[in-house]
Amino acid sequence: MAKKGGAATPAIAALQAAGITFTTHEYTHDPRAQSFGGEAAQALGHDPARVFKTLVITDGKTLAVAMVPTSGTLSLKAAGAALGLHRPTMADPADVRRVTGYVLGGVSPLGQRKRLPTALDETALGFATVFCSAGRRGLEVELAPSDLAETTSAVVAPLAAP
């Protein structure tokens, strides 16, 4: 769980404050990794369909979060429809850091500086537990998908590209 004397990250603090049952999983991050989510799935030995990447998108006015399995690709059109964004694109990394408080590869849907509208790919509900970033590279949190959706107030919808 968390370090003694306090939470390891704002994401973990948010889960603790909400009374959510979770497990943390730590691994050594390779700075040469091309895919942060893929690296997490491989390093931890988990099915990439259960490890969700947190992507921040924008329509030029609003930032929002879309979570899809690391085994898939985000459909910007589907995410935009789920979140009410017109013609979304990937958000600028500097905006992501400023608004969420997290660096790319460590962006968590939990414990963000400013809570963003969130959508979770519907495939998450097919698993007893899923993984997402715990707020830093090399640290994942495992929790029930219903708890992830509830804690982030996520819309659950098909988000992955075909």
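1. Helix H4 covers residues 93-100 of this predicted model. Its buried residues are Val96, Val99 and Thr100. Viewed along the axis of H4, these buried residues lie within an arc of 80°, so they line one face of the helix.

2. The buried residues of H4 pack against strand S2, residues 52-58, and against strand S3, residues 63-69.

3. Both ends of H4 have a local feature to check on screen. At the start of the helix, a side-chain oxygen of aspartate 92 comes to within 2.9 Å of the backbone nitrogen of alanine 94. Just after H4, glycine 101 has a positive phi of about 85°.

4. Glutamate 39 sits in helix H2, residues 36-44. Its relative accessible area is 10%, which is under the 20% cut-off, so glutamate 39 counts as buried. Leaving out residues up to four places away in sequence, glutamate 39 touches Tyr27, Thr28, His29, Asp30 and Ala33.

5. For a distance across the chain, take glutamate 39 and threonine 152. They are 113 residues apart in sequence, and their C-alpha atoms are separated by 24 Å.

6. On confidence, the mean pLDDT of the protein is 93, and 96% of its residues reach 70 or more. Residues 1-5 stay under 50 in pLDDT. For that stretch the model has 7 contacts beyond four places in sequence.

Methods
Residues numbered from 1 in each chain as written. Heavy atoms only, no water. pLDDT = per-residue confidence, 0-100. Contact = heavy atoms within 4.5 Å. Buried < 20%, exposed > 50% of the residue type's maximum accessible area, 1.4 Å probe, protein only. Helix = DSSP H or I, 4+ residues; strand = E, 2+ residues; numbered from the N terminus. Arc of directions from axis to C-beta. Polar contact = N/O pair within 3.5 Å; in protein donor to acceptor, adjacent residues only side chain to side chain.
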